[in-house]
Amino acid sequence: MKVCLSSTGTTLDSNVDPRFGRCAYFIIYDTSTDTFEYYANESRDAMGGAGIQAAQKVIEKGAEAVISGNIGPNSFKVLQSAPGGPVKIYSGVSGTIRSAIAQLKNNELKPVTSSSVQSHYGMGSGMGRS
Amino acid sequence: MIISVASGKGGTGKTTVAVALARSINYCQFIDYDVEAPNASLFLKPDIKYIKKVTIRQPYFLTNTDKSFKRCADFCHYNAVASIGDEVVFFSELCHGCGGCILVGPEGAVREKDVEIGEISKGFCPPGINFLMGNLKPGNMRTPTVQNELEKNIEYDNHVIIDCPPGTSCSMVMSVKNSDFCILVTEPTPFGLNDLMISVDVLKNLKIPFGVIVNRFGIGNDEVLNYCKNNNIKIIAKIPNDLNIAKYYSKGLSLIDFDPIWKNKFNDIISEIEKEVLKK
């Protein structure tokens, strides 16, 4: 199974990024071969809808599950619409990518059925009224 | 003559001042431009006689035709369109209604419909205040679109008092851009000063003459006064920090109900502004 993790870096020792749409990198980990690839998240600086754009790319990459610190409602909606059926979402995960994969393999992670944060969560503080 | 009442910081007393101005001259048009959170009607209590819906054009997608909408998703700067396989997930609240997806998408498969984003209301407050306000639907981003609708209804041959939204972004610029004079309401605190300075920059850029009213005078420090003095900015009035003014406000009453002396003061303020505007 291909799993997509939001990551702060490019290795298995990087941390799971608490943000999905505005994370630094995505790591696509294949649990059947124990190999992975990574790509920089081009959506992180999007003016709006970063999660929407990121989720589309994750689906295009063929990921069947997503692991992240938090998932917003818009990303959630897109991930639910994957042509091969809804992408499994594990949020509330922290620590290294390596430990997150280990937890997944040991069935210690439970998929969530709703988003964990409001829109604009990953945009940082001070957005206020604009 | 159009007088707008703005501030950088929120909650400094824009509505207090704008309502008091309107109630002092009694014959004018009053426009609440803060379409995201209009509240002047609580004080002026207009008899609303006319409501007009504000709509924008938004796309809808004819899917199940094996056509890809990926170009629409790639084109959309606001990521309002997600294309997955031959399906589309559309986020109405992110759509700015530019129509780009219709141009780049599969021919005939992206259509447009009217979507309501808010409304404008007109009313009357005796003896002679023509009241106008806009109301943006919660969660919607199209503030200036509703404000554009207000702009079409400005009575240019009347005295016009505009109650602006806080801040100095698009919605504030939309509110002050037609004014002959802008009153900046601030409070004598570091926050008040910081946001006052940003507002002053905006108005200088827009070449709109302005003056400052210091509200809750007596709290904070002297820095707002020093800033105005050092930059030759006129302080039009100081409203004291008085719990009774807040009590009147909380009951939906105006500053001139609190103390009728403000009626004379605001009439003088308007005469002076008028003189300054005519001098130009």
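Contact here means heavy atoms within 4.5 Å, and helices (H or I, at least four residues) and strands (E, at least two) are DSSP runs, numbered from the N terminus. Before we start, note that this is a predicted model, where local features need pLDDT of at least 70, side-chain atom pairs count only at pLDDT 80 or more, and totals for chains, interfaces and linings use all residues. Residues are numbered from 1 along each chain as its sequence is written, chains are lettered from A and ligands numbered from 1 in the order in which they are written, and side-chain values use heavy atoms, leaving out hydrogens and water.

Let's begin with chain B as a whole. Its secondary structure comes to 11 helices and 11 strands, and its C-alpha trace spans about 70 × 40 × 40 Å along the principal axes. Of its 280 residues, 50% are buried (buried is under 20% relative accessible area, exposed over 50%, partly exposed in between, with a 1.4 Å probe and protein chains only). Take the contacts in chain B between residues at least 6 apart in sequence: 73% of them join residues at least 24 apart.

Now find helix α11 of chain B, residues 261–279. Buried in α11(B) are B:W262, B:F266, B:I269, B:I270, B:I273 and B:V277. Looking down the axis, you'd see these buried residues fall within an arc of 95 degrees, so they line one face of α11(B); the arc is that of the directions from the helix axis to the C-beta atoms. An α-helix has 3.6 residues a turn, so residues three or four places apart point the same way. Over on the other side of α11(B), B:N264, B:K275, B:L278 and B:K279 are exposed.

What sits over that buried face? The cover includes β1 (2–6), α1 (14–25), β9 (181–186), β10 (210–217), β11 (235–240) and α10 (255–258) of chain B. Pick out α1(B) from that group: its axis and that of α11(B) come within 9 Å and cross at roughly 90 degrees. Axes are lines fitted to C-alpha atoms, for helices over the stretch in contact, with angles from 0 to 180 degrees between N-to-C directions. The two helices are therefore roughly perpendicular (65 to 115 degrees; under 35 counts as roughly parallel, over 145 as roughly antiparallel, the rest as oblique). On the α1(B) side the contact is made by B:V17, B:A20, B:L21, B:R23, B:S24 and B:I25, and on the α11(B) side by B:W262, B:K263, B:F266, B:N267 and B:I270.

Another helix to visit is α7(B), residues 190–206. Its 17 residues should span 24 Å, and its end C-alpha atoms are 25 Å apart, which agrees. Among its buried residues are B:L193, B:L196 and B:V200, and their cover includes α6 (170–176), β9, β10 and α8 (223–230) of chain B. Just after α7(B), B:K207 takes a positive phi of about 55 degrees.

Between β3 (47–61) and α3 (70–75) of chain B you'll find B:N64, which has a positive phi of about 60 degrees although it is not a glycine. B:N64 is exposed at 64% relative accessibility. B:D66, in the loop between β3 and α3 as well, has a positive phi of about 65 degrees. Elsewhere, a cis peptide bond joins B:P126 and B:P127, with omega about 5 degrees.

Definitions and conventions:
The expected span of a helix is 1.5 Å times one less than its number of residues.
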